[in-house]
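This report describes how parts of one protein chain are arranged. Please keep the sequence and the structure in view while reading.

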Amino acid sequence: MNVFERPYDDPVRVLDEDGTVVGDVPDLDESDLVELYRYMKTARHFDGRAVSLQRQGRMGTYPPLSGQEAAQIGSAYALAEDDWMVPSYREHGAGLVRGISLKRTLLYWMGHEDGNRAPEDVNVFPVAVPIASQVPHATGAAWASKLRGEDAVVCCYFGDGATSEGDFHEGVNFAGVFDTPNVFFCNNNQWAISVPRERQTRSETLAQKAEAYGIDGVQVDGMDPLAVYAVTKAAVEKARDPDPVRPRPTLIEAVQYRFGAHTTADDPTVYRDDDEVETWRKKDPIPRLEAYLRGEGVLDDERVASIETEAEAQVAAAIDEAESMARPEPRELFEHTYAALPEELDRQSDALEALREAHGDAAFLEE
Ligand SMILES: Cc1ncc(C[n+]2csc(CCOP(=O)(O)OP(=O)(O)O)c2C)c(N)n1
Ligand SMILES: [Mg+2]
């Protein structure tokens, strides 16, 4: 069955929680399957180290991704090189697949503006912290691609909470009207900080919101990397080579869970039960893919151990490189937004400079 013709509440699945095949396995060769697994393991290891760096005072606030690896890596892996990714703030795993190095991600969360600058040949937008503000940007970029006769597809990531913002509705509506080559990828991780999914909308699914805008909507098991890959690939292909009867844009709802805190500034034990977390941990995407690949004879203990060692080395090297950079200057806060600072910001910038003069550089940076 065409994935776009399923009921909204019937998520696409390929692997069940034990890694048993329950759907159509996408056409990926062995090296791609191992790559998916490697990226997921690397993202998980990076995540643990990043939280620990923040706890040690070596990095600023950080939003963990553990639990969301299948959604991020399965989807990013389905994009072609010239396609664009428009992230929110948690897409470190998807970013890695698309060419945003772990070092760059660390720099961003260490406060370096350079961490927000993708290399010239990497089609990734800057991190968007204001919820849903990236959705209309993604629609605009896709419209531009279409008007120029290019075939780049624009994949935009956002959370369940973002679907309550006006920007989400404006961006998706415009995409429907102008039939833009967009994939709207909603990471429904059940929570918007402490607000549960049921408090975002009375709709039974987020996928069905597509109906209002005349585009395709589909739910996928977001803890199943092969299902996420298959659905995203189908959406990307439809956006690139329009089907005569279907709209180009697609809204994908990837049903998943964040195992950790919203950010390192959050304490999830205040608003959710351990039982809930435990239930979702049983759906962990990494052992699921690993079990499937072991069953297929693609992975064994030795291969898994070498992937783990490589991931550890890659993350350690990224941390060393990021920490070897000079700390960012506080005055950079005032750069990159205005050509000429408005009066109030100008006053604040002067006040910062006065503090520096009074306390000296070193003490000032410590503060
Ligand atoms: C416009 C706006 N309002 C409020 C916030 C504060 N805020 C930061 S993250 C967040 C929750 C977002 O939840 P969701 O969209 O589900 O994304 P998730 O972090 O769960 O991936 C909120 C309300 C913000 N960053 N931007
Ligand atoms: Mg959420």
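## Helix 2 and helix 8

Within what distance do the axes of helix 2 and helix 8 come, and at roughly what angle do they cross? In this predicted model, the axes of helix 2 (residues 69–76) and helix 8 (residues 225–240) come within 8 Å, with a crossing angle of roughly 40°. The two helices are therefore oblique to each other, and helix 2 passes helix 8 in a right-handed crossing.

Helix 2 contributes A70, A71, I73, G74 and S75 to the contact, while helix 8 contributes P225, L226, V228, Y229 and T232. Sorted by class, the contact of helix 2 with helix 8 has seven nonpolar residues, three polar ones and no charged ones.

## Helix 5 and helix 6

Two packed helices are described by the angle between their axes and the distance between the axes. For helix 5 (residues 134–147) and helix 6 (residues 166–178), the axes come within 7 Å and cross at roughly 20°. Because angles under 35 degrees count as roughly parallel, helix 5 is roughly parallel to helix 6. The crossing of helix 5 past helix 6 is left-handed.

On the side of helix 5, the residues in contact are V135, P136, A138, T139, A142 and W143; they meet D167, F168, E170, G171, V172, F174, A175 and F178 in helix 6. These residues divide into 10 nonpolar, two polar and two charged.

## Helix 1 and helix 10

Helix 1 (residues 30–55) and helix 10 (residues 285–295) have axes that come within 10 Å and cross at roughly 150°. Because angles over 145 degrees count as roughly antiparallel, helix 1 is roughly antiparallel to helix 10. Helix 1 passes helix 10 in a left-handed crossing.

The residues that make the contact are L33, L36, Y37, M40, K41 and R44 of helix 1, together with P285, I286, L289, E290 and L293 of helix 10. Eight of the residues in the contact of helix 1 with helix 10 are nonpolar and three are charged, with no polar residues.

Which residues come nearest to ligand 1? Of the 14 residues around ligand 1, those that come nearest are I131, G159, G161, A162 and A192. The shell around ligand 1 comprises seven nonpolar, five polar and two charged residues.

## Domains

According to the domain assignment, the protein chain has domain 1 (3–323) and domain 2 (330–366). The C-alpha centres of domain 1 and domain 2 are 36 Å apart.

Methods:
Residues numbered from 1 in each chain as written. Chains lettered and ligands numbered in written order. Predicted model: local features only at pLDDT ≥ 70, side-chain atom pairs only at ≥ 80, totals over all residues. Near = placed C-beta within 6 Å. Nonpolar A, V, L, I, M, F, W, Y, C, P; charged D, E, K, R; others polar. Domains from an automatic or database assignment. Axes fitted to C-alpha atoms, helices over the stretch in contact; angles between N-to-C directions. Helix = DSSP H or I, 4+ residues; strand = E, 2+ residues; numbered from the N terminus. Parallel < 35°, antiparallel > 145°, perpendicular 65-115°, else oblique. Left-handed = near helix turned anticlockwise from the far one by under 90°. Contact = placed C-beta atoms within 7 Å.
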